[in-house]
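This report walks through selected parts of one protein model, with the sequence and the three-dimensional view to be kept open alongside the text. Please find each named residue in the view as you come to it.

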Amino acid sequence: MKLIYQQMIAFFVVITALLAILGFSFFHVTKTLIYENTWNQLEGYAYSLKTQSMTIERGANGKQTFTLDIGKLQTSELLLRNQQVHFTIYTTRNKVMYPDQGYQSTISTSDWKKLESGQIIRRKSDLGWRGPDKAKVQNQQRMTDILAPCFDQSGQLVAVISVGAKVSSLQESFTKIQRNLFYVLLFSALLGVAISYLLAHYITKRISKLRNATRAVANGDFDVTLVDHKRDELDDLANDFNQMTSSLKQSNEEISRQEQKRRQFMADAAHEMRTPLTTINGLLEGLAYDAIPEESKEKSIELMRNETRRLIRLVNENLDYEKIRSGQIELRRTTFDAMNVIHNVAAQLKKKAQSAGDTIEVAGPTKLPVFADYDRFVQIMFNITQNAVQFTTNGVIRISAERGYKSSILRIADNGIGMDDEQLKNIWERYYKADASRRNTKYGESGLGLAIVQQLMEQHGGKVEVISKPNKGSTFTLIFPDEKGK
Ligand SMILES: Nc1ncnc2c1ncn2[C@@H]1O[C@H](COP(=O)(O)OP(=O)(O)OP(=O)(O)O)[C@@H](O)[C@H]1O
Ligand SMILES: [Mg+2]
């Protein structure tokens, strides 16, 4: 069943149930009130009858005499004829003093006892009217009446006045009220249907909006947003939906970016490998067709070996990078002296630096503890220092070390060619080379060094930062945190 109908039924059931309860209680209260009013009126008549038409006298012999002014009584009855009020006066439970004939009600013994104790009795309807003709009892109309006792001075019950009105006249009022109430209920029910439709429509419309938005997202439109009025749960849902689309949009952008990167990587990798392979292929063909002079053959073979080494290095570094990135390498971290490593790296690169006209300076304490994987630490220091040598001619490369807050800080600064902001943004990417024309130098640049350094620093829980200015030089800062708890 459609949600709108479900909602409408729910609203409608609640509204009608409420109306039915209200209607029923209203009718009940009104009925009670009408009876209450009638009885009060009847009691009033009984009182005036008692004071005007009845006299109780004590005779000379001390006996009470009870006299009734029938004339006055009949006048009163006549006056109240329109209201269909009847009087009956009893002297004992079964003895009716007035009227002589007509229909008379009986008084039960328990009622009589109550009357003797001074209580006024109110009866809703009494069928037990007794007439001279028994058959007429059947046709007799239902009466509601009150029974009021009359006592003499000694407190003896001498008479009971019964004042009754026809139930049918009350019934008329009830029917009128019932009919009006029915119309009101009918109108309210119709109004209920209309209101429940509007309410259900309002809610389902909002749900439809959500549904349309969901479809749009499913079709790849991540720009849809829903208005959040911050009013109810549906607004909360809209808010969640907006958050979901924005994160979906972000991940979608990230996926495209990654895809772009992957394509770039594939192209770069192919490009990197194609150069040495082309060289090797050319030389092999030359050798095969004897196109290379004897004296150049040795040089050609040397070139092929270099290019093969370059390929192997490329493949190995790529594998290494992937391993580090996917957390497949296990770091064996220990605390050792970093100064020792720095001096070694400087010594190893001394020759290369000299050939570029560079000098390498080392500054720092005699010993500096660092918490790292020894081999990987050497790899990091070597990579960055080698870069500094590579991109500096006739300059100074300065390696310094110091203690930081719960960490060891190493700096490699050069005054070489430096990099601009655009280059700085990309140097951590694989195969990135700030200047493509600089590839294939004797150090075999492949653009993997810094990408590996960054991954390694991440695995160490450390940080690598760089500041650089074109033609001024670059400074790489490495921060290695100390072992936790030390
Ligand atoms: N000290 C530096 N001064 C100037 N440019 C630098 C410096 N260090 C790195 N770069 C730039 O960043 C690029 C990326 O460096 P990275 O070490 O990743 O690759 P590479 O040195 O070109 O190749 P590889 O290290 O794999 O042999 C370099 O090509 C260079 O353009
Ligand atoms: Mg490098």
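In a salt bridge, the side chains of Asp320 and Arg376 meet with an N to O distance of 3.0 Å. The pair links distant parts of the chain, since Asp320 belongs to helix H7 (residues 294-325) and Arg376 to helix H9, and the two are 56 residues apart. The model in which this pair is found is a predicted one, and the values given here are therefore to be read as computed from that prediction.

Is Asp320 buried or exposed? Asp320 counts as buried because its relative accessible area is 17%, which falls under the cut-off of 20%. Arg376 also counts as buried, with a relative accessibility of 15%.

## Other salt bridges

Lys425 is exposed, with a relative accessible area of 61%, whereas Glu422 is partly exposed, with a value of 49%. Elsewhere, Glu36, Glu43 and Arg122 are joined into one network by salt bridges that share partners.

## The surroundings of ligand 1

Which residues are closest to ligand 1? The ligand is surrounded by 23 residues, and the closest are Asn387, Ser446, Gly447, Leu448 and Leu450. Three elements, helix H9 (374-390), helix H11 (449-459) and strand S16 (473-481), each supply at least two residues of this shell, and the largest share, 3 residues, comes from H9.

Several polar atoms of the protein can be located around the ligand. A polar side-chain atom of Asn387 lies 2.8 Å from an oxygen atom of ligand 1, while an N or O atom in the side chain of Asp414 is 3.0 Å from a nitrogen atom of ligand 1. The backbone takes part as well, with a polar backbone atom of Gly449 placed 3.0 Å from an oxygen atom of ligand 1. On its own, ligand 1 has 590 Å² of accessible area, and the protein covers 100% of it.

Strand S8 (residues 143-151) is mostly covered, with 8 of its 9 residues buried. Strand S8 runs antiparallel to strand S9 (residues 157-166), and 9 bridges join the two. Within this pairing, Ile146 has Val163 of S9 as its bridge partner.

Asp152 is placed in the loop between S8 and S9, and Asp152 counts as buried because its relative accessibility is 9%. The side chain of Asp152 is joined to that of Ser154 by a polar contact of 2.9 Å, and a polar atom of the Asp152 side chain also lies 2.7 Å from the backbone nitrogen of Gln156.

## A nonpolar patch on the surface

Met1, Tyr5, Ile9 and Val13 form a nonpolar patch on the surface, and together they have about 450 Å² of accessible area. Val13, one of these residues, is found in helix H1 (residues 3-53). Val13 counts as partly exposed because its relative accessibility is 47%.

Notes
Residues numbered from 1 in each chain as written. Chains lettered and ligands numbered in written order. Predicted model: local features only at pLDDT ≥ 70, side-chain atom pairs only at ≥ 80, totals over all residues. Heavy atoms only, no water. Buried < 20%, exposed > 50% of the residue type's maximum accessible area, 1.4 Å probe, protein only. Helix = DSSP H or I, 4+ residues; strand = E, 2+ residues; numbered from the N terminus. Pairing = 2+ DSSP bridges. Patch = residues over 30% accessible without salt bridge, like charges linked within 9 Å, V, L, I, M, F, W, Y side chains within 5 Å. Areas by Shrake-Rupley, 256 points an atom, 1.4 Å probe, with all protein chains shown as cover. Salt bridge = Lys/Arg side-chain N within 4 Å of Asp/Glu carboxyl O. Near = heavy atom within 4 Å. Polar contact = N/O pair within 3.5 Å; in protein donor to acceptor, adjacent residues only side chain to side chain.
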